[in-house]
Amino acid sequence: MKQIQWFPGHMPKTLRELATEVKLCDAVIEIVDARAPFSSRNPEIQNIIGDKAHIILMNKALLADSKETYKWSRIFHGQLKKVLEVDAIKDKNMILIKNTVKTEVNRINYIKGTRTINQTIRAMIVGIPNVGKSTLINNLARKKSCATGNMPGLTRDTVWIKASEDFYLYDTPGVLWPKFDNETMAMHLALIGSIDDDILPLDDVCGYGFAFVDKYYRRLFKEYYKLADYDINDLETIYAQIAKSRGCYLKQEIDYERINRLFLKDLRSKKLGGITFDRADDHTQKKVI
Ligand code: G4P
């Protein structure tokens with residue numbers, strides 16, 4: 001596999017901005033992709049959050065494998081995190097999010113001995129690109145959104161979004177890139193569409209994807225692409241069968257590029273069922289931040 005070309009140059013600036021802005025917030029809502037709850041987190045966030053209320057939302061939960069989502073919830077609970085599975089598009093659990101954030105802020109304030117009653121809650125939304133931050137903010141705010149740069153203590157150009165009378169949201173300043181340090185994480189981010197398709201060679205991503213679905217979702221994989229018996233170590237046989245069942249030919253030759261794109265589209269749109277790439281069992285023995 002070719003070396004990954006990935007240099008998130010302005011990450012330090014974003015992290016500095018986050019560290020400054022988080023001081024103005026009561027809570028940090030960290031959004032991760034439920035299909036890759038490990039790879040789609042940026043571990044630097046933990047250092048910035050400090051003693052603020054920290055709520056993890058596993059978004060796009062309806063695209064993920066529900067059994068794995070449950071296991072991931074257990075892992076995060078085990079790390080004493082507040083965690084919810086949500087779907088920002090289908091509007092799943094929006095009320096619960098507000099209530100959970102408020103309860104968690106009150107709990108933390110109680111421990112710290114600071115005032116909690118009738119407090120306006122300011123929550124910062126953080127997450128790597130494409131996890132659903134904007135979609136979630138729009139749904140939480142339900143068109144009541146308005147820019148309020150004049151809240152006490154806030155920088156003039158900070159845009160706060162009003163979700164309700166006592167609940168304000170703030171989107172991540174700058175772009176918080178994922179921080180992956182191994183090929184597996186990069187593959188999982190590519191498969192969920194969180195990094196551009198041209199960062200990793202498409203053949204490698206799809207080769208990994210075929211092996212992954214063969215290992216964890218074999219029956220669905222075979223059924224969906226009408227595959228007869230195949231040898232996963234011989235990808236040519238898989239491409240040949242998909243070309244036949246889906247008519248992917250270019251001048252009577254197998255159109256590999258088209259099959260790759262089709263496969264990624266199918267994976268990302270749940271055509272093979274809910275899929276989770278980061279397997280919880282691979283992480284239960286490890287320290288998850
Ligand atoms: P971001 O601000 O974190 O960058 O993410 P954004 O809300 O823009 O969402 C990225 C894409 O993910 C959007 O698709 C959005 O519709 C989709 N999305 C967000 N939340 C959910 C969810 O809970 N379930 C599903 N199924 N999709 C969700 P898009 O505009 O089509 O962009 P793209 O997927 O073509 O990149």
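Tutor: The protein chain has ten helices and eight strands. Here helices (H or I, at least four residues) and strands (E, at least two) are DSSP runs, numbered from the N terminus. This is a predicted model, where local features need pLDDT of at least 70 and side-chain atom pairs count only at pLDDT 80 or more, while totals for chains, interfaces and linings use all residues. Residues are numbered from 1 along each chain as its sequence is written, and side-chain values use heavy atoms, with hydrogens and water left out.

Student: Okay, what makes Asp278 buried or exposed?

Tutor: Set its value against the cut-offs: buried means under 20% relative accessible area, exposed over 50%, and partly exposed in between (1.4 Å probe, protein chains only). Asp278 has a relative accessible area of 2%, so Asp278 is buried. Across the protein chain, 50% of the 289 residues count as buried.

Student: Where does Asp278 sit, and which residues is it in contact with?

Tutor: Asp278 lies in the segment after helix 10 (256-268). Contact means heavy atoms within 4.5 Å. Leaving aside neighbours within four places in sequence, the residues in contact with Asp278 include Arg35, Phe38, Glu68, Trp72, His188 and His283.

Student: What makes the pair Asp278 and Ser39 a polar contact?

Tutor: A polar contact is a pair of N or O atoms within 3.5 Å; within protein, one must be able to donate a hydrogen and the other to accept it, and residues adjacent in sequence count only if both atoms are side-chain atoms. The side chain of Asp278 reaches the backbone nitrogen of Ser39 at 2.7 Å.

Student: Why is helix 6 called largely enclosed?

Tutor: Count its residues: eight of the ten in helix 6 (residues 183-192) are buried, so helix 6 is largely enclosed by the rest of the structure. Among the buried ones are Met185, His188, Leu191 and Ile192. Their cover includes strand 1 (27-33), helix 7 and helix 10.

Student: What is found at the start of helix 6, and what follows the helix?

Tutor: At the start, a side-chain oxygen of Asn182 reaches to within 3.1 Å of the backbone nitrogen of Thr184. After helix 6 comes Gly193, with a positive phi near 85°.

Student: How do you know whether helix 7 is parallel or perpendicular to helix 9?

Tutor: Two packed helices are described by the angle between their axes and the distance between the axes. Axes are lines fitted to C-alpha atoms, for helices over the stretch in contact, and angles run from 0 to 180 degrees between N-to-C directions. Helix 7 (residues 202-216) and helix 9 (residues 235-246) pack at about 90°, with axes 11 Å apart. That makes helix 7 roughly perpendicular to helix 9, as angles under 35 degrees count as roughly parallel, over 145 as roughly antiparallel, 65 to 115 as roughly perpendicular and the rest as oblique.

Student: Which residues meet there?

Tutor: Asp203, Cys206, Gly207 and Phe210 in helix 7 meet Leu235, Ile238, Tyr239 and Ile242 in helix 9. By class, that contact has six nonpolar, one polar and one charged residues. The classes go like this: Ala, Val, Leu, Ile, Met, Phe, Trp, Tyr, Cys and Pro are nonpolar, Asp, Glu, Lys and Arg are charged, and the others, Gly among them, are polar.

Student: And why are helix 4 and helix 5 described the way they are?

Tutor: The axes of helix 4 (residues 94-112) and helix 5 (residues 133-141) come within 10 Å and cross at roughly 90°. Helix 4 and helix 5 are therefore roughly perpendicular to each other. Met94, Ile97 and Lys98 of helix 4 make the contact with Leu136, Asn139 and Leu140 of helix 5.

Student: What makes the phi of Lys251 worth a look?

Tutor: Most residues other than glycine have a negative phi. Lys251 is not a glycine, yet its phi is positive, about 50°. Lys251 is found in the loop between strand 7 (249-250) and strand 8 (253-254). At a relative accessible area of 78%, Lys251 is exposed.

Student: Why is Lys270 called partly exposed?

Tutor: Its relative accessible area is 38%, so Lys270 falls in the partly exposed class. Lys270 also has a positive phi, about 65°.
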